[in-house]
Structures are given as structure tokens and as C-alpha cells.
Amino acid sequence: MTPRILGTETEFGVAVKDAAAQDPVSNAILLVNSVDTVPSRNTLWDYENENPLVDARGFEVEGERERPTPDYNRLLNKLLGNGGRLYVDGAHPEYSTPECASVRDVVRYEKAGERILEACRVGAERTARGHRFVIYKNNTDGKGNSYGYHENYLVSRSVPFMRLVAQLIPFFVTRQIYAGAGKVGAENRADPAQYQISQRADFFEVLVDLNTMVKRPIMNTRDEPHADKTKYRRLHVIVGDANMSEVATYLKLGVTALVISMIENGYPVKELKLADAVQAIKDVSRDLSLKQPIAMEDGRQWTAVQIQEYYLETAHRYCAERGADPEMRDILARWERVLHLLARDPSQLSREVDWVIKRDLLQSYIDRKGCDWTDSRIAMMDLQYHDLRPEKGLFSALEKGGYVDRLLEPEAVDEAMVAPPSDTRAYFRGRCLQKFPEQIYAASWASILFDVGQAVVKRIPLNEPARGTKELVGGLLDESDTVESLVSRLSA
Amino acid sequence: MSQDKKRDLKKVGRRDDAAATPNPDVLEKGKKIKENIDKLLDEIDEVLEENAEEFVKNYVQKGGE
């Protein structure tokens, strides 16, 4: 059975205040290079395995491959001691969690990423006096531009990709009812909306495609496993919102991992065909009552809650028949509770589900001030909810005031800023970077290149995400005082 | 709602809701929450970006996936 391994990438929005606007690439480079601690300022990102042009439907498109010069590479990429990656992607800073073997771990590494970016922001303001930066963990600037939050799930290659597509589309169209981060207004020429459930829904224009930047697809076909590609697929999910709520993040990722696991293990997940998924994702986003039925291709009408309940019922049977670890049982119970409350009264989720938390906050403000949803202060709050500054972010204020539920202990997030998970190959990467910082010539998800001296670089592939763990290599790392001895032990 | 959808929603775990007459403890807690919300909203006014209209207008983030 494929080990459960997953991770997320968050693209952050950056606003610059009070200074002549610089170009966003420079800002992103400054932010990334203001990172507090990295094991080495010289380690390169190994682009050898980067190929986002391969399509899971069995072809490759033409295009340029990203291959920066070494100096530019070092500016763009920071390999972190926690096994993750901080980098400039296009015109924004981006943080990728290390590979994690539990959903809870992804939540804490993702939260650690927010703290890392906030530290970058503080550092950048110190360096570039006069510039003030604001960083948002959200998905739109409200001007028709969107940036993503991507989820990555390790899946067996033996599952036909189009089966994943067919069985996941209705799931992804409706998942926003608990995973949506809320949004004021409409985007991308979609129908008007005072307030809607999802940040991203308006930006999806097609069902299935390779593209991630324009005409976005609900199912992305990027086939870049960063692992043994005879065994594995990395399902690259671009349809989700970035969440501030830890509980919402946990639910979003955990339920998705569970559903993927069912499909992967051949458990019958009936294909629910929506009449028009691309329209439905926007309709669901606009239906705050969660009562509007969605048309199926065969004429039946199901609400978003009912569609999710179908997956839940299937998951109950799956777990009863095949077993489930404690984390999956926890996720199943939370999912059930949340769907029950969403069906009855969504406002009962005002401590957990971002779109409800945000809506209640904005509605309270509107009621108090006597303004309306089109007021610019409301648009500002829509953004500032996602502001990473602990003293200015509105979600942060809610959290400090005890208005939202927590999942994680603060110490767990502290640890995730500096230490890798112990149960995936991120452990090996993180520990090598920390132990031999100046001798890791380059690294990527699936490789480490050691500088063994005498102008020789030794490339070690890491094609198994579940290997390179503390259990498997911890002792070896402890015993090796030099990279030469480490490499020779690995090669033995 | 479609007639042929005969799914027993009761299967999806239900807890019975006590039909509530307002519990005085809950009312007191509700009042406290309301006071706290007002305090929170005041706080938000203080931290909200001044000149919201300008700020929102100027925020552009292109080049995202």
C-alpha cells in the first residue's frame, strides 16, 4: 500500500506600502533572502527533475525549462533546515512544506511557513528602510489575479489518472463548504456576489488541464512525481483555498487524503457526474445557505452537503472494512460532525471554518458601523484576515481572543520551523543540510548532491519518499562525521 | 429536491439536539461574547489599514499559479 505522504505549497501575496512601488520580483527576492536562518546560503536547488510540462494524460507539451544560473539559483531558492523550501516563484514568495507522513504534520509545517514568512517580512523591512511590506496567505488580490495553494498527495501509479479525475471532481467542487476561506465580491467575469465561500472558485474555467496560471482546471494534470515514477504519482491539486484556521486546514487535507486513499485502494467510489462542474463550483461558492441543489448529468439534484455526505458514507464503509489509523478515524469523525452542522446551520462553525469565521466578523462589523458589503473597509478586512503580521492580522486577533479553535500546540509549530519530520525523506534532507551545510552542493525533493572534495560532486537520488527516515538513516547520520563517510556508508 | 433521492440521512451519525429553552448560563455567556465582539471590533478598527480604499486599490499580485 502506498504510504500516506503529502505536502503543500503556499504562494503568498505581497503588498508594498509608502514607497515607490518596486517590481514584485525584486520584492519577492528581498523577502526570501531575508529569511532568518538557513543551513547554507550556497546550496543550490537541483532542477534536474523539474519538468512541469509532462501531462498525466500521457504526453508532454513544449516549453522552456526553468534552469537559472547558479548565482540566480541561490537568490531564488532557500533550502530550509526543516526539509522544506522557501523560494521565489514567478513574482511572489512561496513556501513548500517538507513531505509529511501525517495530516497533522502538514498543518504544523504549513503554520511554521507562515511564521518563517513573517520573519522574512520583518527582516526585509529592516534591510530596505522605507519600504513596508504586507504578506497575505490568501488566493486573490481582488483585481482578477489569483495565486495558488497547492496540495500534493503521493498516489500509486497503478491508479488510472482519469479514474482519479472522474471520482474527485464532484468532491473538489463541493469541498469548499468546509475548506473555503471566504471572499468579498466576484472575480474573473463570474456572476456578482456580495460574499462567497471560496477565494478560488471564480478562477476555474475548465475541468482538466496542465495549465496552472490561466484558464485554470479543477483537476490539474501535472505529472512530476519527484519520486520513482514507475511506482508513484504526485497528485497536484490546485483547486483549494489557503486557510488560516488550523482545523479547516486539517479537515481539508485529511478528508482529501482519505478520499484519495479509497480510490487508490480500488474501493468503489461511484462516479457522480455533475452536469456542469465548472459552473457548479461557482454556484456552490455563492450559496451561503448550502441548500441549493446542483444538477447531476442524469437529472438528479444534490446539494453540496449531500455530495460530501456521499463520500463520507463511502469512507465510513471503507474504514469499517479496511481499517483506519487513529488520525483517519479522527478526521472521519470531524468530517461527519462538520457536515451535520453545515446541513443544519453553517453559522455553528464560526470557530473552525474560515468562510464562516470571516463572514461573521465582517457581518458584525457591518452591523455595528451601519455600512455595507461594498464598503472599502470590508474589502480591506477580506484581505487583512490573511495578513501574516501577528499584531495586525484579523485572523490572528481572533485566535488571540479565543474566538477560534486551535489544533496545534505552539511548541509544535516552533519545532517545525527548524526540524524536519522524522518519518519521510525530508528527515534525511533536513539533517544533511544541518550537519554538513557547506558540503551540500545542491538538493531537491528527490536528490541530494554532496561535495565530497577534490571538485567531485556525488548525486544521491531519493526516489522513495517514505525512506530516508529517522528510523532508517538516523543512526547512519549520527555516526558519519564527514560527507565522505556518509556517502560511502550509503553506497555500501 | 429530487424525489428519487432516497438516502437515509439519519445514517450519517446524528446526535439528538435537546430542544432548548434558553439556559441562563448560555444567555450570560452569549452576552459576554457580544461584549467581547464589540471590543474586538474596536480593536479591528485600530489595526485596520488607514485609507482602506487606497490600499485595496493599490494591491496587485500578478504571476500566480
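Trainee: Axes here are lines fitted to C-alpha atoms, for helices over the stretch in contact, and angles run from 0 to 180 degrees between N-to-C directions. So how do the axes of helix 3 and helix 13 of chain A cross?

Mentor: Keep in mind that this is a predicted model. In it, the axes of helix 3 and helix 13 (residues 410-418) of chain A come within 8 Å and cross at roughly 75°. Because angles of 65 to 115 degrees count as roughly perpendicular, helix 3 of chain A and helix 13 of chain A are described as roughly perpendicular to each other.

Trainee: Which residues of helix 3 and helix 13 of chain A meet there?

Mentor: From helix 3 of chain A come A:Arg108, A:Tyr109, A:Lys111, A:Ala112, A:Arg115 and A:Ile116, and they meet A:Ala412, A:Val413, A:Ala416 and A:Met417 of helix 13 of chain A. Sorted by class, this contact has seven nonpolar residues, three charged ones and no polar ones.

Trainee: And what about helix 3 with helix 6 of chain A, at what angle do the axes cross?

Mentor: The axes of helix 3 (residues 103-127) and helix 6 (residues 246-264) of chain A cross at roughly 135° and come within 9 Å. That angle makes helix 3 of chain A oblique to helix 6 of chain A, and the crossing is right-handed.

Trainee: Which residues make that contact between helix 3 and helix 6 of chain A?

Mentor: On the helix 3 side of chain A they are A:Val103, A:Arg104, A:Val106, A:Val107, A:Glu110 and A:Lys111, while helix 6 of chain A brings A:Glu246, A:Thr249, A:Tyr250, A:Leu253, A:Gly254 and A:Ala257. By class, the contact of helix 3 with helix 6 of chain A has six nonpolar, two polar and four charged residues.

Trainee: Another pair, then: is the crossing of helix 4 and helix 8 of chain A left-handed or right-handed?

Mentor: Take the geometry to begin with: the axes of helix 4 (residues 161-174) and helix 8 (residues 304-322) of chain A come within 9 Å and cross at roughly 130°. Helix 4 of chain A is therefore oblique to helix 8 of chain A, and helix 4 passes helix 8 in a left-handed crossing. In the contact itself, A:Pro170, A:Phe171 and A:Thr174 of helix 4 meet A:Ala304, A:Ile307, A:Gln308 and A:Tyr311 of helix 8 of chain A, which by class gives five nonpolar, two polar and no charged residues.

Trainee: Switching to chain B, how many residues does the contact take from each chain?

Mentor: The contact takes 43 residues from chain A and 29 residues from chain B. On the side of chain B that touches chain A, helix 1 (24-47) and helix 2 (52-58) of chain B each supply at least two residues, and helix 1 of chain B gives the most, with seven. By class, that side of chain B has 14 nonpolar, six polar and nine charged residues.

Trainee: How many helices and strands does chain B have?

Mentor: Chain B comes to two helices and zero strands, and 12% of its 65 residues count as buried.

Trainee: What average pLDDT does chain B have?

Mentor: Chain B averages a pLDDT of 68, and 48% of the residues score at least 70. Over residues 1-20 of chain B, pLDDT stays under 50, and the model has 18 contacts beyond four places in sequence for that stretch. The model as a whole scores ipTM 0.89 and pTM 0.93.

Trainee: What is B:Phe55 in contact with, leaving aside its neighbours within four places in sequence?

Mentor: B:Phe55, which lies in helix 2 of chain B, is then in contact with A:Met380 and B:Glu49. B:Phe55 counts as partly exposed because it has 19 C-beta neighbours inside 10 Å, and buried would need 20 or more.

Trainee: Last topic: is A:His226 buried or exposed?

Mentor: A:His226 counts as buried, with 21 C-beta neighbours inside 10 Å, and its place is in the loop between strand 14 (216-220) and strand 15 (232-237) of chain A. Its phi is near 50°, a positive value in a residue other than glycine. A:Ala455, with phi near 55°, lies in the loop between strand 19 (447-453) and strand 20 (456-461) of chain A; A:Ala455 is exposed, with 6 other C-beta atoms within 10 Å.

Note on methods:
Residues are numbered from 1 along each chain as its sequence is written. Chains are lettered from A and ligands numbered from 1 in the order in which they are written. This is a predicted model: local features need pLDDT of at least 70, side-chain atom pairs count only at pLDDT 80 or more; totals for chains, interfaces and linings use all residues. Two residues are in contact if their C-beta atoms, placed from the backbone, lie within 7 Å. Helices (H or I, at least four residues) and strands (E, at least two) are DSSP runs, numbered from the N terminus. Ala, Val, Leu, Ile, Met, Phe, Trp, Tyr, Cys and Pro count as nonpolar, Asp, Glu, Lys and Arg as charged, and the others, Gly among them, as polar. pLDDT is the predictor's confidence in each residue, from 0 to 100. Angles under 35 degrees count as roughly parallel, over 145 as roughly antiparallel, 65 to 115 as roughly perpendicular and the rest as oblique. A crossing is left-handed if the near helix is turned anticlockwise from the far one by less than a right angle, and right-handed if clockwise.
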